[in-house]
Amino acid sequence: MSSKEKDVKNEEIKEEVKEKTLDEVINSKEEKEEEAPSDEVLPSKEEELEGKVAELNDRLLRSLAEFDNYRKRTTAEKAAMYSAGVGDTAERLLGVLDNFERALSSEQDKENSFYKGVEMIFKQMKEAFEALGVSEIEAEGQPFDPNLHNAVMHIESEELGENVVSMVLQKGYKYKDKVIRPAMVQVAN
């Protein structure tokens, strides 16, 4: 072999060694990366704790929101229960108020002490209803409203307009905006 051939052969061997060495270095790096976890694969303890803090903070905020919703809902339920209780109680006592009114209208002697006593009780009861928010429904001379009035009679009248309440047979009452008892009325056609 000539020296040129030896040099070429040596160069080829060097290239092979370089390639083998480069492959071994790359392979050894890959093996080390597989063996040792990288920072990207496993979070550090600090990142893990930050994640737990964020999760617990989220849970706390959700719990606070749930409690706030619960508080608002129970407050609304209490108000609704109070309203329903006042309405039901007033509805039951309206018959008593009607009877006092009938007793006052049937008595002829307005100076009688018994009449005056019944009148005082009637006024006191009306004041108690007003203090609770129970009010009388205005009916006579008003246009007929089926939400507020219960028409039980009709009359023909040229003096009154059409669908106007001509007479109240039984007073109606409402608690705030809710009708407790519609007024029983006679309507003109």
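## Asp 58 and Arg 62

Asp 58 is partly exposed, with a relative accessible area of 36%, where partly exposed lies between buried (under 20% relative accessible area) and exposed (over 50%), as found with a 1.4 Å probe on protein chains only. Arg 62, at 54% relative accessibility, counts as exposed. The model is predicted, so local features need pLDDT of at least 70 and side-chain atom pairs count only at pLDDT 80 or more, while totals for chains, interfaces and linings use all residues. Residues are numbered from 1 along each chain as its sequence is written, and side-chain values use heavy atoms, with hydrogens and water left out.

The side chains of Arg 62 and Asp 58 meet in a salt bridge at 3.1 Å, N to O; a salt bridge is a side-chain nitrogen of Lys or Arg within 4 Å of a carboxyl oxygen of Asp or Glu. Because they are four residues apart in helix H2 (residues 45-106), about one helical turn separates Arg 62 and Asp 58. Helices (H or I, at least four residues) and strands (E, at least two) are DSSP runs numbered from the N terminus.

## Asp 68 and Lys 72

Helix H2 also holds Lys 72 and Asp 68, four residues apart, about one turn of the helix, and their side chains meet in a salt bridge of 3.4 Å, N to O. Lys 72 is partly exposed at 47%, and Asp 68 is partly exposed at 25%.

## Glu 136 and Lys 171

A salt bridge of 3.6 Å, N to O, joins the side chains of Lys 171 and Glu 136. This pair links distant parts of the chain, 35 residues apart, with Lys 171 in the loop between strand S3 (164-170) and strand S4 (173-175) and Glu 136 in strand S1 (residues 134-136).
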